[in-house]
Amino acid sequence: TLFRSESSQPGISSDGPTLKNLCRTLQCLNLSNCTNLTDRTLKALGSCLVHLEDLCIFGCYRMTDNGIYDLLQCSRREHSLKRFNCCGCYKITEDGRRFLILSIPTLLLYNKPKEFALLWKKSNSRAAQLV
């Protein structure tokens, strides 16, 4: 559990101000199978986690192409995102994936959540992973 939401239930809020308080230097974030998260979460991530390199939203089936668009459009910076996993997000279509690749041509899309931050950890000893 990252923190308790206003409803006193463990979990992650999709509200921007709450996510902003997490960590401005976060580089890896694993949100796999957090089924309550929505496109609002991706929008908040795009606006506040400016150093994010590896994002895993495996199994977050409420995420859509709009969330992908918001993730990339909310930030006013060069995208630091290097690795992304959206398997199991069946509402993210080929158009959404294509938009990702066209927006960040060097982005690596991976399929297995167990690969989260694997290559990144080997090359960078400062890896910070939230599970």
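The following legends describe close-up views of a predicted model.

Local features require pLDDT of at least 70 and side-chain atom pairs count only at pLDDT 80 or more, while totals for chains, interfaces and linings use all residues. Residues are numbered from 1 along each chain as its sequence is written, and side-chain values use heavy atoms, with hydrogens and water left out.

**View 1. Overall arrangement of helices and strands in the protein.** The protein has five helices and six strands, where helices (H or I, at least four residues) and strands (E, at least two) are DSSP runs numbered from the N terminus. Along the sequence they follow the pattern β-β-α-β-α-β-α-β-α-β-α. Of the 131 residues, 40% are buried (under 20% relative accessible area; exposed is over 50% and partly exposed lies in between, with a 1.4 Å probe and protein chains only). Taking contacts (heavy atoms within 4.5 Å) between residues at least 6 apart in sequence, 76% join residues at least 24 apart.

View 2. Strand 4 (residues 54–56) is joined to strand 5 (residues 83–85) by three bridges. Across this pair, L55 stands opposite F84.

**View 3. L55 in the largest nonpolar core.** A nonpolar core is a set of buried Ala, Val, Leu, Ile, Met, Phe, Trp, Tyr and Cys residues joined through side-chain atoms within 4.5 Å. Helix 2 (39–48) and helix 3 (65–73) are the elements that give two or more residues to the core. Leaving aside residues up to four places away in sequence, L55 touches L29, L31, L42, L45, L71, L81, R83, F84, N85 and Y110.

**View 4. Packing of helix 2 against helix 3.** The two axes, lines fitted to C-alpha atoms over the stretch in contact, with angles from 0 to 180 degrees between N-to-C directions, come within 7 Å and cross at roughly 10 degrees. The helices are therefore roughly parallel, a term for angles under 35 degrees. D39, L42, K43, L45 and G46 of helix 2 meet N66, G67, I68, D70 and L71 of helix 3.

**View 5. Burial along helix 2.** Seven of the ten residues in helix 2 are buried, namely D39, T41, L42, A44, L45, G46 and C48.

Methods:
Pairing = 2+ DSSP bridges. Parallel < 35°, antiparallel > 145°, perpendicular 65-115°, else oblique.
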